[in-house]
Amino acid sequence: MLIRKAEAADARSILAVIMPAIREGATYALDPSLSEDAALAYWLGDDKETFVAQEGGEVVGTYFIRPNQGGGGGHVCNCGYMTSPTALGRGIASRMCQHSLDHARQRQYRAMQFNFVVSTNDRAIRLWLRMGFDVVGRLPGAFEHPTKGFVDALVMFQTL
């Protein structure tokens, strides 16, 4: 698998990865009715470095990394990851996470923080724990899940 910086030519492939999760509305605090243009503007925003994961020339995942906060909080980064629905369970998110941790260290970040991990996203939580993150906070009822109602969101953190 190749993980590389996203290019403008990757836009359609990135949309194919991110739109199913956005439309489902179960794991990201993004409006499920978000337009494709708005979704791309968010995922490829100027405040982010965005990467794609490719297998056999096909984009099977994407992630971004950015400072979690400005000023005195700029030494902590934040990431968002999405894997193609057709590629779930193949270790792609794990490899993207490892790539992001390595990239964060190269960029001199001192920690990585996930601000809003939906508590019903068991697959992601298991992965982040396996990758060395700790749950450092719980936001009661912070996310309105489309089928489970109001559920908690977790704050997860790892010192680099």
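The following legends describe several views of one predicted protein model.

**Figure 1. Overall view of the predicted model.** The protein contains four helices and seven strands. Read from the N terminus, these elements follow the order β-α-α-β-β-β-α-β-α-β-β. Along the principal axes, the C-alpha atoms occupy a box of roughly 40 × 40 × 30 Å. The radius of gyration is 15 Å, which agrees with the value near 15 Å that a compact globule of 160 residues would have. Of the contacts between residues at least 6 apart in sequence, 60% join residues at least 24 apart.

Figure 2. Of the 160 residues, 48% count as buried.

Figure 3. Trp-43 belongs to helix H2, which covers residues 36–43. Is this residue buried or exposed? With a relative accessibility of 0%, Trp-43 counts as buried, because a residue under 20% is placed in that class. Neighbours within four places in sequence are left aside in the list of its contacts. Trp-43 is then in contact with Ile-14, Ile-18, Tyr-28, Lys-48, Thr-50, Thr-62, Tyr-63, Phe-64, Gly-80, Tyr-81 and Met-82. Ser-119 lies 76 residues from Trp-43 along the chain, and the C-alpha atoms of the two residues are separated by 22 Å.

**Figure 4. Two residues of the loop between strand E4 and helix H3.** Ser-84 is placed in the loop that runs between strand E4 (76–83) and helix H3 (92–106). Leu-88 is also found in the loop between E4 and H3. Ser-84 has a relative accessible area of 6% and is therefore buried. When residues up to four places away in sequence are not counted, Ser-84 touches Val-17, Val-60 and Gly-61. Leu-88, at 46% relative accessibility, counts as partly exposed. Beyond the neighbours within four places in sequence, Leu-88 is in contact with Thr-83 and Arg-123. Asn-68 is 20 residues from Leu-88 along the chain, with 27 Å between the two C-alpha atoms.

**Figure 5. The salt bridge between Asp-10 and Arg-4.** Side chains of opposite charge can pair when their charged atoms come close. In the protein, the count of salt bridges comes to ten. One of them joins Asp-10 to Arg-4, and the closest N and O atoms of this pair are 2.8 Å apart. Asp-10 is buried, with a relative accessible area of 7%. Arg-4 has a relative accessibility of 18% and therefore also counts as buried, since the class takes values under 20%.

**Figure 6. The salt bridge between Arg-95 and Glu-55.** A salt bridge joins the side chains of Arg-95 and Glu-55, with an N to O distance of 3.9 Å. Arg-95 lies in helix H3 and Glu-55 in strand E2 (residues 49–55), so this pair ties together parts that are 40 residues apart in sequence. How accessible is Arg-95? The relative accessible area of Arg-95 is 34%, and this residue is therefore partly exposed. Glu-55 counts as partly exposed as well, at 23% relative accessibility.

**Figure 7. The salt bridge between Asp-152 and Arg-138.** The side chains of Asp-152 and Arg-138 form a salt bridge with an N to O distance of 2.9 Å. Asp-152 is in strand E7 (residues 149–159) and Arg-138 is in strand E6 (residues 134–145), so that the pair links distant parts of the chain, 14 residues apart. Arg-138 counts as partly exposed, at 49% relative accessibility.

**Figure 8. A network of salt bridges.** Which residues are linked in this network of salt bridges? The network is made up of Lys-5, Glu-49 and Arg-107.

Figure 9. Gln-108 is located in the loop between H3 and strand E5 (111–118). Although Gln-108 is not a glycine, its phi is positive, at about 70 degrees. Gln-108 is exposed, because its relative accessible area of 62% is over 50%.

Terms used. Residues numbered from 1 in each chain as written. Predicted model: local features only at pLDDT ≥ 70, side-chain atom pairs only at ≥ 80, totals over all residues. Heavy atoms only, no water. Rg over C-alpha atoms; globule rule 2.2 N^0.38 Å. Buried < 20%, exposed > 50% of the residue type's maximum accessible area, 1.4 Å probe, protein only. Contact = heavy atoms within 4.5 Å. Salt bridge = Lys/Arg side-chain N within 4 Å of Asp/Glu carboxyl O.
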